[in-house]
Amino acid sequence: MNEPKLTVRVLRQDHPDRPSYWQTFQVRREPSMNVTSVLQRIAANPTTIEGMKTTPVAYDANCLEEVCGSCTMVINGRVRQACSALIDDLLKDNPAHVELRPMSKFPVIRDLFVDRQRLFRALEKLKCWIPVDGYYDMGPGPLQSQQEQSMAYPLSQCMSCGCCLEACPQYTRVEVKQADGECDEDFKRRRDAEYDRQFIGAAAMSQSVLMNSHPTGRMSASDRIEAMIAPGGIQNCGKAGNCQAVCPKEIPLMTSWGRAGRAATLHAIRKFFDG
Ligand code: SF4
Ligand code: SF4
Ligand code: FES
């Protein structure tokens with residue numbers, strides 16, 4: 001009896017400076033496979049459908065349970081996580097094959113593995129953390145009402161996967177390359193300065209809103225709002241909502257955009273009256 005086979009087309013790239021190209025693989029189809037397990041099968045025997053030996057397909061992964069966001073890629077035209085993309089479900093929509101591409105808004109490191117540093121830089125720019133005075137036991141923190149907690153919890157599920165940025169028409173790809181002879185420190189400084197000029201995107205904005213809703217985080221709210229309205233800030237959002245439509249954690253990003261906009265307006269009024 002013929003074994004059921006799965007055909008997988010992968011958009012590959014050997015190096016950030018090399019052009020991309022397609023390769024097609026065929027793997028034995030097994031019950032309950034996900035895209036990560038298909039990539040593992042290819043890695044075990046990296047041979048194209050034409051019988052050419054090649055290298056294993058590079059991809060990023062960590063938690064394997066849709067929590068870390070690192071395996072995000074474009075699967076059959078939709079940005080999502082490889083570890084939670086089940087082959088049986090994918091083949092219902094497209095029985096011919098599975099097609100894998102790297103996200104298009106981030107620089108490719110290799111194959112399906114991209115550099116999401118710009119997203120992490122935006123989290124830094126918007127101060128998406130709760131400052132503490134030290135690491136000694138300071139006792140229980142301030143109480144949060146049930147209502148505050150239920151607003152905060154959905155936002156806290158963000159895994160910095162980048163789906164919302166991939167789907168956003170305002171978020172365009174930016175690539176900053178290290179120049180010959182440029183030391184790592186100088187390169188990082190120059191790259192971060194460039195990223196800071198670009199649109200922050202929905203993920204970092206929503207995390208900033210989350211930090212501003214926390215009783216301790218609120219103490220740095222005006223610093224975060226200043227960063228939100230700096231060049232590349234919330235004014236760049238077109239409010240079309242693609243970000244919310246693709247978020248795998250169903251985070252209410254349009255509500256966050258509304259909260260960010262209202263906070264920015266109140267901040268401007270306060271600044272006007274405070275001189
Ligand atoms: S609402 Fe804003 S962040 Fe979301 S997809 Fe549209 S422009 Fe991008
Ligand atoms: S907001 Fe949603 S889509 Fe965007 S990074 Fe967070 S989890 Fe991913
Ligand atoms: S490996 Fe962590 S989300 Fe897929």
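1. **Arg197 and Glu194.** Arg197 and Glu194 are separated by about one helical turn, because they stand three residues apart in helix H6 (residues 184–197). Helices here are DSSP runs of H or I with at least four residues, strands are runs of E with at least two, and both are numbered from the N terminus. The side chains of Arg197 and Glu194 meet in a salt bridge, at 2.9 Å from N to O; the term requires a side-chain nitrogen of Lys or Arg within 4 Å of a carboxyl oxygen of Asp or Glu. Arg197 is exposed at 51% relative accessible area, whereas Glu194, at 22%, counts as partly exposed. Salt bridges with shared partners also join Arg121, Glu124, Arg191, Asp192 and Asp196 into one network. For accessibility, buried means under 20% relative accessible area, exposed means over 50%, and partly exposed lies in between (1.4 Å probe, protein chains only).

2. **Basis of the note.** This is a predicted model, in which local features need pLDDT of at least 70 and side-chain atom pairs count only at pLDDT 80 or more, while totals for chains, interfaces and linings use all residues. Residues are numbered from 1 along each chain as its sequence is written, chains are lettered from A and ligands numbered from 1 in the order in which they are written, and side-chain values use heavy atoms, with hydrogens and water left out.

3. **The chain as a whole.** The protein chain contains ten helices and seven strands. Its C-alpha atoms fill a box of roughly 75 × 50 × 40 Å along the principal axes. Of its 275 residues, 44% count as buried. The chain exposes about 14900 Å², of which carbon and sulfur atoms supply 52%; accessible areas come from the Shrake-Rupley method with a 1.4 Å probe, and for residues only the protein chains shown count as cover. Among contacts (heavy atoms within 4.5 Å) between residues at least 6 apart in sequence, 65% join residues at least 24 apart.

4. **Other salt bridges.** In general, side chains of opposite charge can pair when their charged atoms come close. The rule for salt bridges gives a count of 21. One of the pairs is Arg121 with Glu124, at 3.1 Å from N to O. Both residues lie in helix H3, three residues apart, which is about one turn of the helix. Arg121 is buried at 17% relative accessible area, while Glu124 is partly exposed at 40%. Another pair is Glu175 with Lys177, whose closest N and O atoms are 3.8 Å apart. Both of its members are partly exposed, Glu175 at 33% relative accessibility and Lys177 at 41%.

5. **Helix H3.** Why is H3 largely enclosed by the rest of the structure? Seven of its nine residues are buried, and H3 is therefore largely enclosed. The buried residues are Gln117, Arg118, Leu119, Arg121, Ala122, Leu123 and Lys125. They pack against helix H5 (163–166), H6, helix H7 (201–213) and helix H8 (221–228). Just after H3, Lys127 has a positive phi of about 50 degrees.

6. Met138 is in the loop between helix H3 (117–125) and helix H4 (146–156). With a relative accessible area of 42%, Met138 is partly exposed. Together with Val132, Tyr135 and Tyr136, Met138 makes a nonpolar surface patch of about 530 Å². Patch members have over 30% relative accessible area and no salt bridge; like charges are joined within 9 Å, and nonpolar side chains (Val, Leu, Ile, Met, Phe, Trp, Tyr) within 5 Å. Pro140 also has its place in the loop between H3 and H4, and is exposed at 82%.

7. **The shell around ligand 1.** Which residues surround ligand 1? They are Cys168, Pro169, Gln170, Cys237, Gly238, Lys239, Ala240, Gly241, Asn242, Cys243, Met254 and Trp257. The elements giving two or more residues to this shell are helix H9 (242–246) and helix H10 (253–274). A residue belongs to the shell if one of its heavy atoms lies within 4 Å of the ligand. By class, the shell has seven nonpolar, four polar and one charged residues; Ala, Val, Leu, Ile, Met, Phe, Trp, Tyr, Cys and Pro count as nonpolar, Asp, Glu, Lys and Arg as charged, and the others, Gly among them, as polar.

8. **Gly261.** Gly261 lies in helix H10 and is partly exposed, at 25% relative accessibility. Gly261 and Val79 are 182 residues apart in sequence and 27 Å apart in space, C-alpha to C-alpha.
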